[in-house]
Amino acid sequence: MTSAVPAHDMSATVERLRAAGCVWAEEEAEIITAAAADPAELESIVARRVTGEPLEQVVGFADFCGVRVRVRPGVFVPRARSALLVRAAVAEARRCGGHVVILDLCCGSGGLGLATRAALGGTGTPATLVASDIDPAAVACARVNLGDGVYHGDLFAGLPARLRGRVDVLLANVPYVASRHLGLLPSEARDYEPRSALDGGEDGLDVFRAVVGQADDWLAARGALLSEITEAQTAAATAAARAAGFAAEIISDDDLDARVVLVKRR
């Protein structure tokens, strides 16, 4: 995309972003100037960014795992570390073979489901993608990215009954920040993303436990549940999966500082 913003505005934008504490000011300035249609829009975007609003929300998109995800104000922004969750989901989908059903639960913008579907398309694996979120703003945003098949409800509550026992890959990027740690989050998350997308309860695993406790009703015979966790949550998440009757293993990527718990039937 070619911006209508004069080139000389780039350096001024960099300086304003740097003064506001943006660590990657040069990279952000390139994204912002490319996204702005004219100097007036550039000023509007920069003004929002320097107050702390997430870059992805002010430009309206995030480039994530090779796809462009539309992001609206007040909606959870896809994180780079979640690339591990996408890779693991793709591997599980290919293991199932044939046409797979993917459920992106607590979907936010729908970015994880979108990236997983796109990656599977490159392998020739046919997939049906369904998504759900409790936040109406997230549902509206996900429908922009995914089209039909996005439902509104608390975890599984809004999903059609026909999906019971048919989900091959359950992507559940549930909120997993311990409540007492919410105040330690960067202001971009704390002030501009919904608490419902962040707060996982006392130890951060309340929502995960609720999901794994209901997963047996929704997973296909060879289906898998994948959820992002922290290193400190490894033992508790594994124990929760086993208590629900599943086997669990941890997948990690030190470069991304990411961990995924992979849950399957024994």
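Predicted model: local features only at pLDDT ≥ 70, side-chain atom pairs only at ≥ 80, totals over all residues.
## Helix 1 and helix 3

Helix 1, which spans residues 9–19, packs against helix 3, residues 39–50, at an angle of about 20°, and the two axes lie 10 Å apart. Because angles under 35 degrees count as roughly parallel, helix 1 and helix 3 are described as roughly parallel to each other. The crossing in which helix 1 passes helix 3 is right-handed.

On the side of helix 1, the residues in contact are Asp9, Thr13, Arg16 and Leu17, and in helix 3 they meet Leu42, Glu43, Val46, Ala47, Arg49 and Val50. Sorted by class, this contact holds five nonpolar residues, one polar residue and four charged residues.

## Helix 9 and helix 10

A second pair is formed by helix 9, residues 206–218, and helix 10, residues 234–243, whose axes come within 9 Å of each other and cross at roughly 25°. Helix 9 and helix 10 are therefore also roughly parallel to each other, and helix 9 passes helix 10 in a right-handed crossing.

Helix 9 contributes Phe208, Arg209 and Val212 to the contact, where they meet Ala236, Ala237, Ala240 and Ala241 of helix 10. The contact of helix 9 with helix 10 is made up of six nonpolar residues and one charged residue, with no polar residues.

## The largest pocket

Two or more lining residues come from each of helix 2 (25–35), helix 4 (55–59), strand 1 (61–64), strand 2 (67–70) and helix 8 (187–192).

Of these elements, helix 2 provides the largest share of the lining, with six residues.

About 800 Å³ of space lies in the second largest pocket, which is lined by 48 residues. Val174, Pro175, Tyr176, Val177 and Leu198 are the lining residues that lie nearest its centre.

Helix 6 (111–121) supplies at least two residues of this lining, as do strand 4 (127–133), strand 7 (219–229) and strand 9 (258–265).

Note on methods. Residues numbered from 1 in each chain as written. Heavy atoms only, no water. Axes fitted to C-alpha atoms, helices over the stretch in contact; angles between N-to-C directions. Helix = DSSP H or I, 4+ residues; strand = E, 2+ residues; numbered from the N terminus. Parallel < 35°, antiparallel > 145°, perpendicular 65-115°, else oblique. Left-handed = near helix turned anticlockwise from the far one by under 90°. Contact = heavy atoms within 4.5 Å. Nonpolar A, V, L, I, M, F, W, Y, C, P; charged D, E, K, R; others polar. 1 Å grid on protein atoms, 1.4 Å probe; cavity = no way out; pocket = protein on both sides within 12 Å on 5 of 7 lines; lining within 4 Å. Points joined across faces, edges and corners; volume = space filled by probe spheres on them.
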